[in-house]
Amino acid sequence: MLERSGIPEQAQIDCVFPAEERLEKGPVAVIECFEKIPCNPCAQSCPKSAILPFVDINDRPVIDDELCVGCNACIKKCPGLAIMVVEYSGEKALIKLPHEFKPLPEKGQIVNALNRAGEPVSDAEVVRVIAGKVSVVSIAVDRHLIKTVRGFSFKEKPEIPEKNMGNLELNNTNELDGIVCRCNDLTLGDIRKMISDGYTTIDELKQLARVGMGPCQGRSCIPIILGELSRYLETPIKDLLPTNFRPVVTSVKLSDLAEHDEERTSV
Amino acid sequence: MDFKRGEEIVFTFDGKPVSAFEGETVAVALYAANVRKLATSHDKHRARGIYCAIGNCASCMMIVDGTPNVKTCVEPVRAGMVVESQPDKGKLT
């Protein structure tokens, strides 16, 4: 069950997948967004308005397969990485997946294609890599796996280049106990340790330790972390700015948003 | 500058009565009552006090009238309000 395992059931996947005739016509987005949550960047990102406008911010996205051209725009905007683009290409199916890990695979590399439970189901060839904050990795698998494959993993653990310690001091204990991220309780020492471990972008630190994702939305911590990164990488802060920095104006209770939705559906 | 204080009121903090003036925020009233520790950090369990005082950071979150994670630095104090320290990330009741 999705709520317990995080893995959608076949019936749910069938519901969001376009018809076979549509798949034959060309690339099309598949949105596996099964929960009602207050989130709408996908609908706003679509240049063809194929993702129908939301009446309520809690709506689940509805896509008009005939309008969708499979342009990848929504893949990069979905914070939940719930969107992929699929198409048939000869004997193969191309699956274009959002990918937020580094290093990226190389074009032509053979990787493991994974199903929705994260289990390898076949080999896949990487046919295209579009690097970005959310990269889009296209992999080719056998046609019959089009509804099965939802991820990939490297055949061998990729090498992570070693980095020197730069200007970071890890021994000055008084200073290192100072708090940087108040929301997730991280000290300067914690931040410097992560940076020296090779996590040298705001986005990586965000994924690793949730910096900037607490109630303050980065207003307290991001400027300090940018300073640390700048010193370590010897790069001006203006070149290190996070790809997204949009702190909310004020906190909103989820119950307020949910209440709004109940009013609408009970009419 | 001339600050006009509102009427004196009483609220409770961890079961004890605390007097405050209308128009103050909860955090300010507690500060005036010599309470410096408002919250506890989640992982390292260290004391947290007033930091930004404008509702940005997560330093002053307390349980107010049963609701956890209330930013007390921007929450106006009211007579009879029940304020409690929040030892964790807050639980839904």
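**Entry 1. Helix α7 of chain A**

I began with α7(A), where L188(A), G189(A), I191(A), R192(A), M194(A), I195(A) and S196(A) are buried. Here buried means under 20% relative accessible area, exposed means over 50%, and partly exposed lies in between (1.4 Å probe, protein chains only). Helices (H or I, at least four residues) and strands (E, at least two) are DSSP runs, numbered from the N terminus. I noted that the model is predicted: local features need pLDDT of at least 70, side-chain atom pairs count only at pLDDT 80 or more, and totals for chains, interfaces and linings use all residues. Residues are numbered from 1 along each chain as its sequence is written, chains are lettered from A and ligands numbered from 1 in the order in which they are written, and side-chain values use heavy atoms, with hydrogens and water left out.

Why is α7(A) described as largely enclosed by the rest of the structure? I found that 7 of the 9 residues of this helix (residues 188-196) are buried, so α7(A) is largely enclosed. After α7(A) comes G198(A), which has a positive phi near 110°.

**Entry 2. Helix α8 of chain A**

I then looked up α8(A), residues 202-209, in which I202(A), D203(A), E204(A), L205(A) and A209(A) are buried. The cover over these buried residues includes β9 (186-187), α7 and α9 (222-233) of chain A. Contact here means heavy atoms within 4.5 Å. Just after α8(A), R210(A) has a positive phi of about 65°.

I located L145(A) in the loop between β6 (135-142) and β7 (151-153) of chain A. L145(A) is buried, with a relative accessible area of 9%. Leaving aside residues up to four places away in sequence, L145(A) touches I95(A) and S122(A). I also noted 7.5 Å between the C-alpha atoms of L145(A) and A93(A), which are 52 residues apart along the chain.

P41(A) belongs to helix α4 (residues 41-45) of chain A. At 27% relative accessibility, P41(A) is partly exposed. With residues up to four places away in sequence not counted, P41(A) touches K77(A) and P79(A). The C-alpha atoms of P41(A) and C78(A) are separated by 6.4 Å, although these residues lie 37 residues apart along the chain.

**Entry 3. Salt bridges**

Side chains of opposite charge can pair when their charged atoms come close. The rule I used takes a salt bridge to be a side-chain nitrogen of Lys or Arg within 4 Å of a carboxyl oxygen of Asp or Glu. How many salt bridges does this rule give over all chains? The count comes to 17.

One of them joins the side chains of K25(A) and E66(A) at 3.6 Å, N to O. K25(A) lies in helix α3 (residues 20-25) and E66(A) in the loop between α4 and α5 (73-77) of chain A, so the pair ties together parts that are 41 residues apart in sequence. K25(A) is exposed at 62% relative accessible area, and E66(A) is exposed at 56%.

Are E87(A) and K96(A), by contrast, buried or exposed? Both are buried, and their side chains meet in a salt bridge of 2.9 Å, N to O.

I next recorded a salt bridge between K92(A) and D142(A), at 3.0 Å, N to O. This pair links distant parts of the chain, with K92(A) in strand β3 (residues 92-99) and D142(A) in strand β6 of chain A, 50 residues apart. K92(A) is partly exposed at 35% relative accessibility, and D142(A) is partly exposed with a relative accessible area of 35%. A network of salt bridges links E32(A), R116(A) and R150(A).

**Entry 4. Strand β5 of chain B**

In a regular strand the side chains alternate between the two faces of the sheet. I looked at β5(B), residues 61-64: M61(B) and I63(B) point one way, M62(B) and V64(B) the other way, and all are buried. Two strands pair if DSSP finds at least two bridges between them. β5(B) pairs with β6(B), residues 67-71, in the antiparallel sense over 3 bridges, and V64(B) stands opposite T67(B). These strands form a hairpin with 2 residues between them, and D65(B) in the turn has a positive phi of about 50°. β5(B) also pairs with β7(B), residues 82-84, in the antiparallel sense over 2 bridges; there I63(B) has E84(B) as its bridge partner.

**Entry 5. Where chain A meets chain B**

Finally, I found that the contact takes 16 residues from chain A and 15 residues from chain B. The rule finds 2 salt bridges across this interface. K44(B) and D190(A) meet through their side chains in a salt bridge of 2.6 Å, N to O.
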